[in-house]
Each structure stands twice: as C-alpha cells, then as structure tokens.
Amino acid sequence: MRVVIVDDEPLARGVLREFLLGHGDVEVVAECANGFEAVKAVTEQRPDLLLLDVQMPKLDGFEVLELLDGEIDVIFVTAYDTYAIRAFEVHAVDYLLKPFPAERLAEALDRARQRLTSKAKPAQGFAADMRAERAPLDRILIRDRGDVHVVPVQKIDYVESQDDYVSIRTGGKSYLKEQTMGDLELLLDPSAFVRIHRRYLLNVARLSKIALGAKDSHVAILADGTELPISRSGYARLRELL
Amino acid sequence: MHPILIERRRLGLYLLGWLPVVTLLTLGLGRGASPVSAIAVFVPLGFVYAFIGLSAWYVCRIAPIDHGLPLRTVGAHLVATVLASAMWIVTGDIWVSALDAMMPALNAGALFASRRLPLFVIGALLFWLAAALHYLLIAFEGSRAAERRALELSVLARDAELRALRAQLDPHFLFNSLNSISALTVADPAAARRMCVLLADFLRDTLRLGASARIPLAEELRLADRFLEIERVRLGSRLHVARETDPRADTCLVPPLLLQPLVENAVVHGIDQLVDGGTIRIAAARNGSALTIALENPCDPDRPRRSGNGLGLDLLRQRVVTQFGADGDVRIDEQPERFRVEVRIPCAS
C-alpha cells in the first residue's frame with residue numbers, strides 16, 4: 001500500500017512514519033508539509049492512501065480532498081474532534097485523534113486495506129454536497145494538474161460556463177475548473193453573484209453599467225470594459241438585486 | 001468632616017446660595033432703619049448663620065429619618081434649633097456692641113435690639129430648612145456610594161469571570177503538545193522529557209497566575225516564553241520569536257493572562273497558517289507611569305476574512321476597559337501581511 005503523509009508539523013509526521021515502520025506492506029512515497037505539496041504528490045505519485053491533517057496553512061485537509069475529488073482514500077489525523085462528522089460525510093476511511101497509539105493506526109490501515117481489496121471505488125462526487133448547507137464560499141480552489149490556484153471570490157470578475165467546465169475570470173486571467181455552472185452558483189453568495197445569462201455568472205461588484213443592446217436586449221458592461229449579454233430572466237434577477 | 005467643607009468649590013456654591021437669603025434678611029429686617037446700618041448689622045450676621053446652619057448636618061447624622069420621624073429626632077431638632085437661634089442672637093449682640101464701639105453713628109445696638117425676636121424666629125425657620133436640605137444631601141450621598149459599590153462589585157465580578165474564561169486553555173494546544181511528546185518518546189527521549197517539564201511548568205504557572213489579581217509583567221512575559229518554547233517544539237523552524245522588552249517595565253503590575261491570549265492568537269492565526277512560518281515580535285516599553293505592550297505576527301495575506309480571533313480580542317478589550325477605564329487602550333492594526341495589537345495601560349508597581 002503506497003501512502004502519502006500530510007501534516008505541517010515535522011514531529012506529527014515523525015509519529016506516523018515511526019508507526020508505519022511496523023507495517024511491511026506500507027510504503028511511504030511522500031511526506032508533505034502543506035496542502036499544495038499534497039495535491040502535487042498525489043498527482044505525481046498516485047498513492048493508495050492519504051494520511052491527512054486537517055488544520056494546515058493555505059489549504060486545509062478538506063480542501064485538499066475536495067481538489068482531489070474522490071481520487072484517493074483518506075485517513076484524517078487531527079487533534080480536533082469537531083471535524084468527525086464532516087469526515088464521515090466525505091467517506092473518510094477513518095478519523096484518528098492525536099495523540100493516538102500504534103494499534104489505533106493499525107486498525108485504520110486494516111480498514112483501508114479492506115476498502116482497497118474490495119475494489120470499492122473511493123468515494124466520488126462528494127465535492128459538491130460536502131459544501132452544501134454551509135456558508136457561501138470565500139475562495140475557489142482550482143487544480144491544474146499538480147498545481148493549485150486559490151482565487152478569493154471577491155477577486156472574481158465573472159464565470160463563464162463551458163459545458164462541464166466553468167471558466168473563472170479574474171483580473172484578465174482565466175482558470176478552468178471541472179464543475180457545472182449550476183453547482184458553482186449554489187456555492188456562491190447570491191447577493192454578490194447573479195446569473196445574468198445561461199452562460200454567465202457575474203460578480204455584481206464588477207458591474208459598471210447596463211447598456212441597451214439590439215432588439216430590446218441588455219448588455220452588462222464591466223469595470224474593465226468587458227461586455228456580457230444579459231438574458232431576459234437575467235435582467236429581472238439583476239434588477240431585483242440592485 | 002462636613003461634606004460641604006471638604007471642597008472649596010462646594011463651600012463657594014453654598015455661600016452663593018445664601019446670598020438671596022442674606023439679601024432678604026437685610027431688606028426685611030432693615031426696613032425703617034438707615035441702609036448703611038442695616039447692611040452693617042445683617043449682612044455679616046446672615047453669613048454667620050450660613051455656618052451655624054451647617055451644624056444641622058451633625059444633628060441629621062445622629063438622628064436619621066430612615067424609619068419615619070420618631071419623637072427623639074423631633075426633639076433633637078427642636079433643641080438644636082433653639083440652640084442655633086440663641087447662638088445667633090448672642091453672636092449678634094457681640095457684633096453690634098463691637099460696631100457701637102467703633103462706629104456709634106450707625107446706632108447698631110438699638111436696631112438689633114428691636115429685631116431680636118423676629119431674628120430668633122427666622123433663625124429657627126432657617127435651621128429647619130437647613131435640616132431638611134441636609135437630609136436630602138445625606139440621601140443623595142448614600143445612593144451615590146451605593147452606586148459606586150455596586151459598580152466596583154460588578155467590575156470585580158466581571159474580571160473574575162474573564163480570568164476564569166482565560167484560564168480555559170485551548171485543549172488543542174494540549175493535544176498537539178502530547179502528540180509531539182509521543183513522537184519524541186522514541187526519536188529523542190531526552191527532548192520528550194524536556195517537553196514534559198516545559199508543559200508542566202506552563203500549566204502550573206497558568207493556574208497560579210490566573211488566581212492572582214495582579215502580577216508583575218516579567219511573570220507574564222515568562223509565561224509567554226514558556227508557551228512559545230513549547231510551540232517551537234511543535235512548529236520547528238517555522239516559529240521565531242523576537243523580544244524587545246524594557247527592563248523598567250518588568251515590575252509593572254498587570255492583570256494576569258493579559259498577554260497570553262494574544263500570544264496564542266499570534267501562533268494559531270499567524271504562524272500556524274504560514275507555510276514558512278515567521279517571527280512573533282513582543283515588545284514592552286515603560287514611559288513614566290505608562291506601559292505599552294505590543295505584539296506583532298505575520299499572517300497569510302490570502303486568509304479568509306472571517307478570522308476567528310475576534311473573541312480573544314473582545315475579552316482583552318473588556319478587561320482593559322473594566323479595569324483601567326479611560327487610562328487603558330487596545331489598538332489593533334490589521335494589515336494583509338501582519339497583525340499587530342498594542343495594549344496601553346497605566347504601570348502600577
């Protein structure tokens with residue numbers, strides 16, 4: 001079993017490494033000190049299991065998991081018992097509370113082995129529902145192979161739908177994320193983002209003015225001069241918000 | 001001591017209040033006599049009675065009216081009234097004989113002799129008025145004292161409550177430290193033992209200091225040092241500490257665990273969130289009787305805006321306000337890449 005250890009504390013990684021020595025079938029293929037390294041390591045190493053801390057700089061454990069979207073089984077290792085329910089929701093293999101004895105890790109590894117051999121595919125498609133019923137997103141994470149981009153939502157200009165992807169435009173740059181427009185719209189603050197068109201989700205703070213287009217249609221003009229079409233129902237939604 | 005005599009300002013106001021009484025007295029009793037004589041006789045006597053009237057306070061004190069008007073109280077006031085008026089008449093006699101000796105032309109003695117009886121009656125009435133006003137004054141002072149006591153009590157209670165809140169250490173600090181010890185037990189047993197001792201010292205100090213009302217700043221700083229030393233075991237090279245503390249500030253007495261939540265915040269919301277860590281700066285300076293403690297930590301510029309360190313800062317602000325009022329101040333300077341808190345309080349030693 002190929003394992004990646006993710007914890008920002010060297011000593012916490014040390015305990016795991018030490019305990020894993022007793023398991024001949026386990027190979028530690030990478031040790032990561034933060035979420036960015038974790039996404040990179042998983043992309044490059046394709047491990048079977050992630051031993052993942054929750055509280056880490058930049059990206060927390062759940063964000064790492066969201067970016068990896070069900071590619072890999074995970075055992076959470078944390079000092080906080082408050083995340084247990086969320087861990088259950090994202091189908092974590094186990095949830096270890098620091099400090100823990102070697103036997104407890106052995107138990108968790110057994111479960112992971114079982115899940116691997118039963119060939120049950122790691123949990124998939126939970127990225128969307130794990131965010132449901134929570135406060136609106138304050139940043140969007142985009143995985144670009146091994147790299148991760150973090151875009152604070154207030155920096156987004158607008159989002160354009162492209163089939164199963166969304167293109168997130170921010171300050172002249174655009175990032176492609178595998179997510180449907182409908183899913184993303186649900187996660188964003190509805191008082192800040194308006195679906196002005198089937199294909200466009202606008203950050204209202206960027207709207208400079210609304211101009212009249214051809215045939216009674218409307219056009220949104222953004223602060224940087226970009227023009228986006230507004231549909232009839234989009235216009236109604238925009239009017240309601242403004 | 002009579003409350004009106006404590007302050008010169010109060011006495012001045014009181015005498016000013018007597019001015020109309022003295023004027024009426026002079027106009028009323030001086031009618032038919034020469035104005036100069038009337039003024040010479042009655043104005044000084046009027047002001048003399050202002051002081052005789054103050055004695056009503058002592059009568060009011062020994063004969064309180066909390067439980068109605070018992071016969072004893074009425075009796076005490078009757079006796080006092082007769083005595084006060086009599087004293088006034090005697091003083092007047094002495095004064096007019098002095099005037100007659102100095103300025104016989106004023107004919108002061110004759111004027112006074114013809115006004116003795118009305119003066120006695122007026123004296124009695126004024127004394128009753130003075131007694132009534134003094135009862136009012138006593139009631140007012142009493143309610144003010146009660147208010148002050150209630151306020152002092154609520155400040156004490158609030159501070160005890162805040163201290164109790166503060167003494168509730170973040171349990172995750174303990175769990176993480178224990179996990180570090182668990183790691184060190186095999187990797188570096190000597191370091192594991194050192195960590196146990198550090199942790200025990202820190203916990204003991206937190207309990208001990210939290211129970212006192214005031215501690216020297218040096219003790220608070222030592223507690224911060226211990227905490228940071230423990231966190232350095234966990235965070236390794238990510239945590240650096242720079243301390244610039246004025247030795248003159250060491251003896252300043254401060255509320256216990258004032259700094260501790262700030263230090264914890266600096267680690268949890270600052271260093272913990274940075275991939276490469278950074279330096280926590282602690283500074284303390286004393287300027288005469290003013291103590292300034294500042295704490296600065298780097299932070300992640302991309303941090304979510306809803307940072308969770310509001311509660312600790314609110315508690316700090318409340319403590320500083322309840323204990324030092326306008327003499328204390330908490331300033332927060334939040335920049336994208338650093339967070340700074342400055343606490344200014346008076347230095348008592």
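**A tour of the two chains**

Begin by selecting chain B, whose secondary structure comes to 11 helices and seven strands; helices here are DSSP runs of H or I with at least four residues, strands are runs of E with at least two, and both are numbered from the N terminus. This is a predicted model, in which local features need pLDDT of at least 70 and side-chain atom pairs count only at pLDDT 80 or more, whereas totals for chains, interfaces and linings use all residues. Residues are numbered from 1 along each chain as its sequence is written, and chains are lettered from A and ligands numbered from 1 in the order in which they are written.

Of the 349 residues in chain B, 32% are buried, a residue being buried if 20 or more other C-beta atoms lie within 10 Å of its own, exposed if 12 or fewer do, and partly exposed in between, with C-beta atoms placed from the backbone. Switch to chain A for its eight helices and 15 strands; there, buried residues make up 35% of 242.

**The cores**

Next, select Val4(A), Val6(A), Leu51(A), Leu52(A), Ile75(A) and Val263(B), which touch the most other members of the largest nonpolar core, a set of 80 residues. Such a core consists of buried Ala, Val, Leu, Ile, Met, Phe, Trp, Tyr and Cys residues joined through C-beta atoms within 7 Å. The most is given to this core by helix H9 (residues 217–235) of chain B, with nine residues. Apart from it lies another core, of 28 residues, including Leu45(B), Trp88(B), Leu111(B) and Leu126(B).

**Two helices of chain B**

On the H8(B) side the contact includes Met195(B), Leu198(B) and Phe202(B), and on the H9(B) side Leu223(B), Phe227(B) and Ile230(B) are among the residues involved; two residues are in contact if their C-beta atoms, placed from the backbone, lie within 7 Å. By class, this contact has nine nonpolar, one polar and five charged residues, with Ala, Val, Leu, Ile, Met, Phe, Trp, Tyr, Cys and Pro counted as nonpolar, Asp, Glu, Lys and Arg as charged, and the others, Gly among them, as polar.

**Between the chains**

How many residues of chain A are in contact with chain B? There are 19, and they meet 22 residues of chain B. On the chain A side, select helix H1 (10–20) and strand S7 (147–152), the elements that give two or more residues; H1(A) provides the largest share, six residues.

**Sheets and strands**

In chain A, display the open sheet of five strands in the order S10-S9-S8-S12-S11, with antiparallel pairing; two strands pair if DSSP finds at least two bridges between them. Its edge strands are S10 (173–178) and S11 (193–197) of chain A.

Return to chain B for strands S4 (residues 278–287) and S5 (residues 290–298), which run antiparallel and are joined by seven bridges. They form a hairpin with two residues between them, and Gly288(B) in the turn has a positive phi of about 65 degrees.
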